[in-house]
Amino acid sequence: MEVRRSSLLHHGDVFAALPSQPVQPLQNARVAPEEIDFVLSWSVCPDLLEVPNACIVHEKLGLRPDVFSGAITGACSAFLAQLELAAGLISSGRMRFGLLLQSNNVTRMIPKEASHSPWFG
């Protein structure tokens, strides 16, 4: 498992519309979209209310209909929860490859001019 790239969202951008994510990491890992078995996401401010970014990315990548896609919430520990769930799914033998997506795009809610904005990127 590795992190290949981090991108900044600009005003008006949406996470799922970033052009090279997550296609480029799949290509780097030599994993075809049809091999993906699950997609887990977390976002402070998802692209759509009540629709996890995982579902949007699932559709954009054209993944199989049976691919599990959902959100794991947990603020600062969401990635660890995703990692544990991914490890369980893979070690059970039921699934082989997955995508773990994170977006801390709180800059949609906090102007960069605000004195506390550096805390949030």
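Two strands count as paired if DSSP finds at least two bridges between them; the legends below apply this criterion to a predicted model.

**View 1. The open sheet of three strands.** The strand order is β2-β1-β3, and the pairing is parallel. Strands β2 and β3 (97–103) form the edges, each pairing on one side only. Direction ignored, neighbouring strands are turned by 10° against each other on average.

**View 2. Pairing of β1 with β2.** These two strands run parallel and are joined by four bridges. Phe 38 stands opposite Phe 68, the latter lying in β2.

**View 3. Helices α2 and α3 on the sheet.** Helix α2 packs on the sheet with contacts to β1, β2 and β3, and its direction makes about 140° with that of β1. Helix α3 (residues 78–91) also packs on the sheet, where it touches β1 and β3; the direction of α3 makes about 165° with that of β1.

**View 4. The salt bridge between Asp 37 and Arg 64.** The closest N and O atoms of this pair are 3.0 Å apart. The two residues are 27 apart in the chain and link distant parts of it: Asp 37 belongs to strand β1 (residues 36–43), whereas Arg 64 lies in the loop between α2 (53–61) and β2 (68–71). Asp 37 is buried, at 14% relative accessibility, while Arg 64 is partly exposed, at 25%.

**View 5. The salt-bridge network of Asp 37, Arg 64 and Asp 66****.** Asp 66 forms a salt bridge with Arg 64, with 2.9 Å between the closest N and O atoms. Asp 66 is exposed, its relative accessibility being 57%. A search of the whole structure finds two salt bridges.

Notes: Residues are numbered from 1 along each chain as its sequence is written. This is a predicted model: local features need pLDDT of at least 70, side-chain atom pairs count only at pLDDT 80 or more; totals for chains, interfaces and linings use all residues. Side-chain values use heavy atoms; hydrogens and water are left out. A salt bridge is a side-chain nitrogen of Lys or Arg within 4 Å of a carboxyl oxygen of Asp or Glu. Buried means under 20% relative accessible area, exposed over 50%, partly exposed in between (1.4 Å probe, protein chains only). Axes are lines fitted to C-alpha atoms, for helices over the stretch in contact, and angles run from 0 to 180 degrees between N-to-C directions. Contact means heavy atoms within 4.5 Å.
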